[in-house]
Amino acid sequence: MRDGLTLSPGMTVGLFGGSFNPAHDGHAHVAETAMRRLGLDRVVWLVSPQNPLKDARDSAPLAERMASARQAAVAAARGPVMVVSDVETRMGTQWTIDTLRVLVARHPGVRFVWLMGSDNLASFHRWRGWTDIMRLMPVAVIARPGSLLDSRTAPAAARFAGARVPAARAGLLPYMEAPAWTYLTAPLNPRSSTAIRASRGVGDAAGHS
């Protein structure tokens, strides 16, 4: 089954996964910061059909979340550089590590980087196959409000301390062999999916937003 992504060998591509329930300008901040600081050709927003760590009753329909991700992606950058994809639904994968392995196999020669907000780094060690993700492709962590201290002392950061790349060299990250990761700071955007859902009277959900 095709994944619907048009990627060419030699491209540098950030993979930005999440429930996007809903997507917001905080997500746009992560994507735009990664695009600019890493010099990426594309950022692919991987909209999860259903985060296995969350209650499905708290998730909006996939079509709704895809639409909000497209809106946030436009806020991050116009043109073909931001791609919103339902590739996980197409492939039937449930766990991030499985999705990333398939994408790497299907797109030889593409230099992938996994992107995530610092709020996710704090709990990254609870993800299935998290050490395999770190060893599969470089990782860029973008600072998010409220998680700066926790993420810098996160188990994943400690486990792979020797593979950390200074932010000043972030532009080289897509060309490095994994494990390699960097922590990028930028003017912080306080918006979160949890806060947006609360303001709309929608039940909160645990896990990353």
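Predicted model: local features only at pLDDT ≥ 70, side-chain atom pairs only at ≥ 80, totals over all residues.

Visitor: In what order do the six strands of the open sheet lie?

Guide: The pairing in this open sheet is parallel. Its edge strands, each pairing on one side only, are strand 3 (82-85) and strand 6 (181-184). From one strand to the next, the twist averages 25°. Read across the sheet, the order is 3-2-1-4-5-6.

Visitor: Which residue in strand 2 is the bridge partner of phenylalanine 16?

Guide: Strand 1 (residues 12-18) and strand 2 (residues 42-47) run parallel and are joined by six bridges. For phenylalanine 16, the partner in strand 2 is tryptophan 45.

Visitor: How many of the six residues of strand 2 are buried?

Guide: Take the two faces in turn. On one side Arg42, Val44 and Leu46 are buried, and on the other Val43, Trp45 and Val47 are buried too. With both faces covered, the number of buried residues in strand 2 is six.

Visitor: What packs on this part of the sheet, and what angle does helix 4 make with strand 4?

Guide: Helix 2 (residues 62-76) lies across strand 2 and strand 3, and runs at about 160° to strand 2. Helix 4 (residues 96-106) also packs on the sheet, where it touches strand 1, strand 2 and strand 4 (111-117). The direction of helix 4 makes an angle with that of strand 4 of about 155°.

Visitor: Within what arc do the buried residues of helix 2 fall?

Guide: Helix 2 has 15 residues and reaches 21 Å from its first C-alpha to its last, close to the 21 Å expected. Its buried residues are Arg65, Met66, Ser68, Ala69, Ala72, Ala73 and Ala76. Seen down the axis of helix 2, these line one face of the helix, because they fall within an arc of 165°.

Visitor: And which residues are exposed on the other side of helix 2, and what covers its buried ones?

Guide: The cover over the buried residues of helix 2 includes helix 1 (25-38), strand 2 and strand 3. Turning to the other side of helix 2, the exposed residues are Ala63, Glu64, Gln71 and Ala75.

Visitor: How many of the 14 residues of helix 1 are buried?

Guide: The end C-alpha atoms of helix 1 are 19 Å apart, which agrees with the 20 Å that its 14 residues should span at 1.5 Å a residue. Just after helix 1, glycine 39 takes a positive phi of about 65°. Helix 1 is mostly covered, and its buried residues include His27, Val30, Met35 and Leu38; the number buried is 10.

Visitor: Which residues touch the most other members of the largest nonpolar core?

Guide: That core has 34 residues. Leaving aside neighbours within four places in sequence, phenylalanine 112 is in contact with Leu7, Val13, Leu15, Leu103, Val104, His107, Met137 and Pro138. Apart from this core lies another, of 29 residues, with Ala34, Val165, Leu173 and Ala180 among them. In the largest core, the residues touching the most other members are Val13, Leu15, Phe112, Trp114, Leu121, Phe124 and Trp181.

Visitor: Why does alanine 157 count as buried?

Guide: Alanine 157 is found in helix 8 (residues 155-159). Its C-alpha is 9.0 Å from that of tryptophan 181, 24 residues away along the chain. Buried means under 20% relative accessible area, and alanine 157 counts as buried because its relative accessibility is 7%.

Visitor: Last one: is arginine 135 buried or partly exposed?

Guide: Arginine 135 is found in helix 6 (residues 130-136). Leaving aside neighbours within four places in sequence, arginine 135 is in contact with Arg159, Phe160, Ala178 and Pro179. Its relative accessibility is 45%, so arginine 135 counts as partly exposed.

Key
Residues numbered from 1 in each chain as written. Heavy atoms only, no water. Core = buried A, V, L, I, M, F, W, Y, C linked by side-chain atoms within 4.5 Å. Buried < 20%, exposed > 50% of the residue type's maximum accessible area, 1.4 Å probe, protein only. Contact = heavy atoms within 4.5 Å. Pairing = 2+ DSSP bridges. Helix = DSSP H or I, 4+ residues; strand = E, 2+ residues; numbered from the N terminus. Axes fitted to C-alpha atoms, helices over the stretch in contact; angles between N-to-C directions. Expected span 1.5 Å × (residues − 1). Arc of directions from axis to C-beta.
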